[in-house]
Amino acid sequence: IYGDIGTFLRDKVNKHLAASGGECFYFDPSYIIRSCPIRPNDHIYCARLSRDAVHTAMRGYTGVCVGPIHNILVIIPANLIARGKRAVKKTSSSWQSCVQVCNMPGNLTGLDA
């Protein structure tokens, strides 16, 4: 009966922003891949992240992302994020820990076996 609320909201926001040259983007959640099992407190983290993102936008900030640094949600300028790439060594203990925690298949470990 009802259509996709995400596309509906995107279209309404884009219509409102068209006069000022603004644009809103919508990422269909069905394309998002989660690499680890859901934990009971994920809904708390997602609610806090979304609330901070909305408050940041309502303050008038543009060109920023909201995300965690050392377990504190911060506002990060998008140009700082996109400035350069950092690589993780596939043989590092950090990457191997990530592989183990997320139960990734063996071909993603980066170890030639």
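Thr56 lies in helix 2, where helices (H or I, at least four residues) and strands (E, at least two) are DSSP runs numbered from the N terminus. The model is predicted: local features need pLDDT of at least 70, side-chain atom pairs count only at pLDDT 80 or more, and totals for chains, interfaces and linings use all residues. Residues are numbered from 1 along each chain as its sequence is written, and side-chain values use heavy atoms, with hydrogens and water left out.

**Thr56**

- Thr56 is buried at 4% relative accessibility; buried means under 20% relative accessible area, exposed over 50%, and partly exposed in between (1.4 Å probe, protein chains only).
- Apart from neighbours within four places in sequence, Thr56 is in contact with Tyr61, Val64, Val66 and Ile75, contact being heavy atoms within 4.5 Å.

**Strand pairing and the turn**

- Strand 1 pairs with strand 2 (residues 72–77) in the antiparallel sense, over 6 bridges; two strands pair if DSSP finds at least two bridges between them.
- Val66, one of the contacts of Thr56, stands opposite Ile75 in strand 2.
- The two strands form a hairpin with 2 residues between them.
- His70 sits in the loop between strand 1 and strand 2 and has a positive phi of about 55 degrees, although it is not a glycine.
- Asn71 is found in the loop between strand 1 and strand 2, and its phi is also positive, at about 65 degrees, although Asn71 is not a glycine.
- Most residues other than glycine have a negative phi.
- His70 is exposed, with 73% relative accessibility, and Asn71 is exposed at 76%.

**Largest pocket**

- The largest pocket holds about 740 Å³ of space.
- On a 1 Å grid over the protein atoms alone, a pocket is an open set of points where a 1.4 Å probe fits, with protein on both sides within 12 Å along at least five of seven lines; a cavity is a set from which the probe cannot get out, and lining residues have an atom within 4 Å of a point.
- Grid points are joined across faces, edges and corners, and a volume is the space filled by probe spheres set on the points.
- Of the 15 residues that line the largest pocket, Ala53, Val54, Ala57, Val64 and Cys65 lie nearest its centre.
- Helix 2 (42–58) and strand 1 (64–69) are the elements that give two or more residues to this lining, and helix 2 gives the most, with 8 residues.
- By class, the lining has 11 nonpolar, 4 polar and no charged residues; Ala, Val, Leu, Ile, Met, Phe, Trp, Tyr, Cys and Pro count as nonpolar, Asp, Glu, Lys and Arg as charged, and the others, Gly among them, as polar.

**Second largest pocket**

- About 210 Å³ of space lies in the second largest pocket.
- Its lining consists of Pro68, Ile69, Ile76, Leu80, Ile81, Arg83, Gly84 and Arg86.
- Strand 1 and helix 3 (78–81) each supply at least two residues of this lining.
- The class count is 5 nonpolar, 1 polar and 2 charged residues.

**Salt bridge**

- A search of the whole structure finds 1 salt bridge, defined as a side-chain nitrogen of Lys or Arg within 4 Å of a carboxyl oxygen of Asp or Glu.
- Arg10 forms a salt bridge with Asp11, and the closest N and O atoms are 3.1 Å apart.
- Arg10 is partly exposed, with a relative accessible area of 26%, and Asp11 is partly exposed at 43% relative accessibility.
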